[in-house]
Amino acid sequence: MTTPSNRWLTTTLAVLATAALLAAPLGAPTAAAQPSGDATANEDGPPPLLGDVLEQAGRTYLDAKAKLDQSTKRQLVLNLDLRRAENRLAELTPQVEQIAAQSYRTGRIGPAAMLLNSASPDSFFDRAATLDELNIINGKRVAELAQVVNEAARAKEAIDAEVRDQRKQVAVMNAQKKEAERALALVGGRSLTGGFVSATSPVARPAPRTSSGGWPSESCSQDDPTTAGCLTPRTLHAYREVKRAGFNRFVGCHRSGGPFEHPKGRACDWSLRNSGFTPARNQDERTYGNNLTAFLVRNADRLGILYVIWNRQIWLPSNGWSSYSGASDHTDHVHMSML
């Protein structure tokens with residue numbers, strides 16, 4: 001049975017709820033403290049299984065690419081060594097052939113006859129000195145020819161080894177590309193011919209690599225300028241490079257809990273606004289997101305970027321641009337994940 005007191009309470013709550021709705025501005029969503037999406041599923045990445053696949057495939061792909069790049073550089077050096085050896089071989093071969101022909105014509109008795117036919121003792125010693133010098137020169141030429149032949153053979157063997165290694169790395173890269181394609185299919189990963197790329201984007205200063213050209217493993221050891229959390233040195237370097245390029249609107253990086261790169265200090269969300277996160281409301285904010293994304297993609301190899309998500313699209317070094325329909329459509333921020 002409804003009493004007058006209960007009716008009064010119900011009516012009061014309804015009035016308060018209506019007033020709260022009317023107080024919110026129409027058509028202008030309030031800025032969220034973090035990007036939109038299902039926080040329990042972590043809105044900044046694909047589902048956990050997909051995220052693991054993309055990270056493993058991306059890391060393996062980039063490791064293979066670094067090895068391929070280093071091998072290509074070594075092959076260039078080896079080709080120069082081979083060319084120098086072949087040029088020197090072309091110079092020495094006629095000279096040594098001439099020495100061999102002369103030896104064949106004169107026979108073993110040639111030098112002895114040359115000395116015995118001397119008209120005087122002085123002439124004998126002069127001819128002996130000349131013959132000795134000639135033998136030294138000829139011996140050096142023959143020895144140099146043998147050395148150059150060996151150098152050319154070693155260079156060719158080394159080039160063949162580099163080619164085999166390059167084929168191996170290309171096979172690894174192709175395999176990881178297919179693995180990423182299968183994973184992206186879970187979130188509508190249809191390949192796109194277009195994307196956010198600009199040749200006029202600023203060039204970032206490269207992050208440190210290992211001596212072999214790969215990316216060193218890093219821990220979350222640096223203070224995050226955007227939160228009370230931490231970042232890896234490579235992520236902090238990328239953050240500073242984005243800022244240096246002029247992208248100074250709101251950004252959040254470390255976030256505790258959940259899968260993917262945020263809690264590892266290897267991701268940042270770049271908002272389109274000076275505070276908080278809301279979907280792009282005008283051309284200025286859309287252009288800002290496009291330009292920031294283009295900067296990240298152009299400098300991905302310099303910075304060590306694993307993938308970028310923006311405006312329903314995802315970019316990976318192995319696959320380029322694909323459509324994306326994960327937990328968040330990423331229309332309110334540009335997501336950057338690092339190796």
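Which residue in strand 8 is the bridge partner of Asp 269? The bridge partner is His 335.

## Basis of the model

The structure is a predicted model, in which local features need pLDDT of at least 70 and side-chain atom pairs count only at pLDDT 80 or more, while totals for chains, interfaces and linings use all residues. Residues are numbered from 1 along each chain as its sequence is written, and side-chain values use heavy atoms, with hydrogens and water left out.

Helices (H or I, at least four residues) and strands (E, at least two) are DSSP runs, numbered from the N terminus.

Six strands form an open sheet in the order 3-4-8-5-6-7, with antiparallel pairing. Strand 3 (251–252) and strand 7 (320–323) stand at the edges; each has a single partner strand, so one side of each is left without a neighbour in the sheet. Two strands are counted as paired if DSSP finds at least two bridges between them. Strand 4 (residues 267–271) pairs with strand 8 (residues 333–338) over five antiparallel bridges.

Strand 5 and strand 6 run antiparallel and are joined by three bridges; the partner of Ile 309 in strand 6 is Ile 314. The hairpin of these strands has two residues between them, and Asn 311 takes a positive phi near 50° there. Strand 6 is also joined to strand 7, by four antiparallel bridges, with Gly 320 of strand 7 as the bridge partner of Leu 316. This second hairpin has three residues between its strands. From strand 6, Gln 313 and Trp 315 point one way and Ile 314 and Leu 316 the other way, and all are buried (under 20% relative accessible area; exposed is over 50% and partly exposed in between, with a 1.4 Å probe and protein chains only).

## Helices on the sheet

Helix 6 (residues 283–298) lies across strand 4, strand 5 (305–310), strand 6 (313–316), strand 7 and strand 8, and runs at about 165° to strand 5. Axes are lines fitted to C-alpha atoms, for helices over the stretch in contact, and angles run from 0 to 180 degrees between N-to-C directions.

Helix 5 has 12 residues and reaches 16 Å from its first C-alpha to its last, close to the 16 Å expected at 1.5 Å a residue; the expected span is 1.5 Å times one less than the number of residues. Among the buried residues of helix 5 are His 237, Tyr 239, Glu 241 and Val 242. Just after helix 5, Gly 246 takes a positive phi of about 105°.

## Nonpolar cores

A nonpolar core is a set of buried Ala, Val, Leu, Ile, Met, Phe, Trp, Tyr and Cys residues joined through side-chain atoms within 4.5 Å. The largest has 27 residues, of which Val 242, Trp 270, Leu 292, Leu 296, Ile 305, Val 334 and Met 336 touch the most other members. Helix 6 gives the largest share of this core, five residues.

Leu 296 touches Val 242, Ile 305, Val 308, Val 334 and Met 336, not counting residues up to four places away in sequence; contact means heavy atoms within 4.5 Å. Another core, of 18 residues, lies apart and includes Ala 57, Met 173, Ile 309 and Leu 339.

## Glu 162

Glu 162 is found in helix 4 (residues 121–184) and is buried, with a relative accessible area of 11%. Residues touching Glu 162, beyond four places away in sequence, are Ser 71, Arg 74, Gln 75 and Leu 78.
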